[in-house]
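Here is a short briefing on a protein chain. Look through the structure before reading the points below.

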Amino acid sequence: MSRRLPPLYALRAFEAAARHVSFTRAAEELAITQSAVSRHIRTLEEHFSCRLFERQGRSLQLTEPARMLLPGLREGFDSLERACITLRIDDATLRLKAPSTLTMRWLLSRLSRFRHLHDDIEVQLTSAWMDVDKVDFQHEPFDCAVLLSDGHFNQDWEVTLLFSEWLIPVCEPSAAAEPWTLERLQATELLHPTPDRRDWRRWLQRMEMADAVSLKGGQVFDTLELGIVAATRGYGVSIGDLVMVAEDVTQGRIGLPWPTAVASGDSYYLVWPRARSGQERLRRLRDFLQAEVSAMQLPAVELLG
């Protein structure tokens, strides 16, 4: 069946103008002139035999036909964008999304080594604060992501377990010179790397100290990284991830006041869509990160699963 559609460039100009409610801003976004946007709108108005915009004083308003057209048009452009991303040219660049603390504490140094070993692959890393780790490969410009999760992912993704999260208290090195007691922990300022205080709650419950140590008060942060930094500067004791702090503990920059790590139930995974181009490059990154995990030496602490 022959489809008689208006020109795609005219539809694109309308979508931008309708979204901004401005011909000027639409022209800036599309890198064309305002008069070109106006011509494209007139083309559509002639095609549909109706007005799409009206002037009310100095303000631009969408007509009722324009408001009817816009949602379907936006959905259509989203679908086009998803299709183009899926078949994007294999340009030797991997776009990786990862949580901010993982990036600073573990991933950056390893990606530097990866680039040195694989100079034909560029990894473009975006570090993001995520209250709940997630990625939308259909709408976000990423080829792969490292996420903290319980392991339930989209069935169309490749999923590789990197390492489990082990929660452990952290402090400045001198504060861990002597073994801690429950009384000392009760008298110490607890630093919370999440607003809901879930990490301390998990650790205390597994240690059977939830009823003895209060979670009220204490400075609250948005990330593990901020909590760790505050603890190492002597502002209290925070909860960290054993893998994230391992190198700093070994080099004497972070102390472990209570050498017992508790499994949070979540793990870090490398994920990517099976339909994405560049599968060989993604597998090379996966193999490298898995080798890095295998080579890690963790501090000698008790592990409670």
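Does His 118 count as buried or exposed? His 118 counts as buried because its relative accessibility is 18%, and the cut-off for buried is under 20%. The model is a predicted one, and the points below go from the whole chain to single residues.

**Confidence**
- The chain has a mean pLDDT of 90, and 95% of its residues reach 70 or more.
- Helix H4 (residues 64-86) has the lowest confidence in the chain, at a mean of 81, while S6 has the highest, at 97.

**The whole chain**
- There are 10 helices and 10 strands in the chain.
- The chain is more spread out than a compact globule, because its radius of gyration is 26 Å, well over the 19 Å that the globule rule gives for 305 residues.
- The C-alpha trace spans about 80 × 45 × 30 Å along its principal axes.
- Of the 305 residues in the chain, 47% are buried.
- The chain exposes about 16400 Å², and 50% of this is supplied by carbon and sulfur atoms.
- Taking contacts between residues at least 6 apart in sequence, 76% join residues at least 24 apart.

- In soluble globular proteins, nonpolar side chains tend to be buried together.
- The largest nonpolar core here has 26 residues, and Leu 102, Trp 106 and Phe 163 touch the most other members.
- At least two residues of this core come from each of strand S3 (93-99), H5, strand S5 (144-149), S6, H9, S9 and helix H10 (279-295).
- Beyond its neighbours within four places in sequence, Leu 102 is in contact with Leu 107, Val 146, Phe 163, Met 244 and Tyr 268.
- Another core lies apart from this one and has 20 residues, including Leu 11, Ile 41, Leu 52 and Ala 66.

**Helix H9**
- Helix H9 (residues 242-250) is largely enclosed by the rest of the structure, because 7 of its 9 residues are buried.
- The buried residues of H9 are Leu 242, Val 243, Met 244, Val 245, Ala 246, Asp 248 and Val 249.
- Their cover includes helix H5 (100-117), strand S6 (157-170), H8, strand S8 (237-241), strand S9 (260-273) and strand S10 (302-304).
- Asp 241 caps the N-terminal end of H9, with a side-chain oxygen 2.8 Å from the backbone nitrogen of Val 243.

- His 118 lies in the loop between H5 and strand S4 (122-128).
- The side chains of His 118 and Arg 284 are joined by a polar contact of 3.1 Å.
- Glu 183 lies in helix H6 (residues 182-186), and it is exposed, with a relative accessible area of 53%.
- Glu 183 and Val 213 are 30 residues apart in sequence, and their C-alpha atoms are 9.1 Å apart in space.
- Glu 208 lies in the loop between helix H7 (198-206) and helix H8 (224-232).
- Glu 208 counts as exposed because its relative accessibility is 73%, and the cut-off for exposed is over 50%.
- Glu 208 and Trp 157 are 51 residues apart in sequence, with 38 Å between their C-alpha atoms.

Definitions and conventions:
Residues are numbered from 1 along each chain as its sequence is written. Side-chain values use heavy atoms; hydrogens and water are left out. Helices (H or I, at least four residues) and strands (E, at least two) are DSSP runs, numbered from the N terminus. Buried means under 20% relative accessible area, exposed over 50%, partly exposed in between (1.4 Å probe, protein chains only). Contact means heavy atoms within 4.5 Å. A polar contact is a pair of N or O atoms within 3.5 Å; within protein, one must be able to donate a hydrogen and the other to accept it, and residues adjacent in sequence count only if both atoms are side-chain atoms. A nonpolar core is a set of buried Ala, Val, Leu, Ile, Met, Phe, Trp, Tyr and Cys residues joined through side-chain atoms within 4.5 Å. pLDDT is the predictor's confidence in each residue, from 0 to 100. The radius of gyration is taken over C-alpha atoms; the globule rule is 2.2 Å times the number of residues to the power 0.38. Accessible areas come from the Shrake-Rupley method with a 1.4 Å probe; for residues, only the protein chains shown count as cover.
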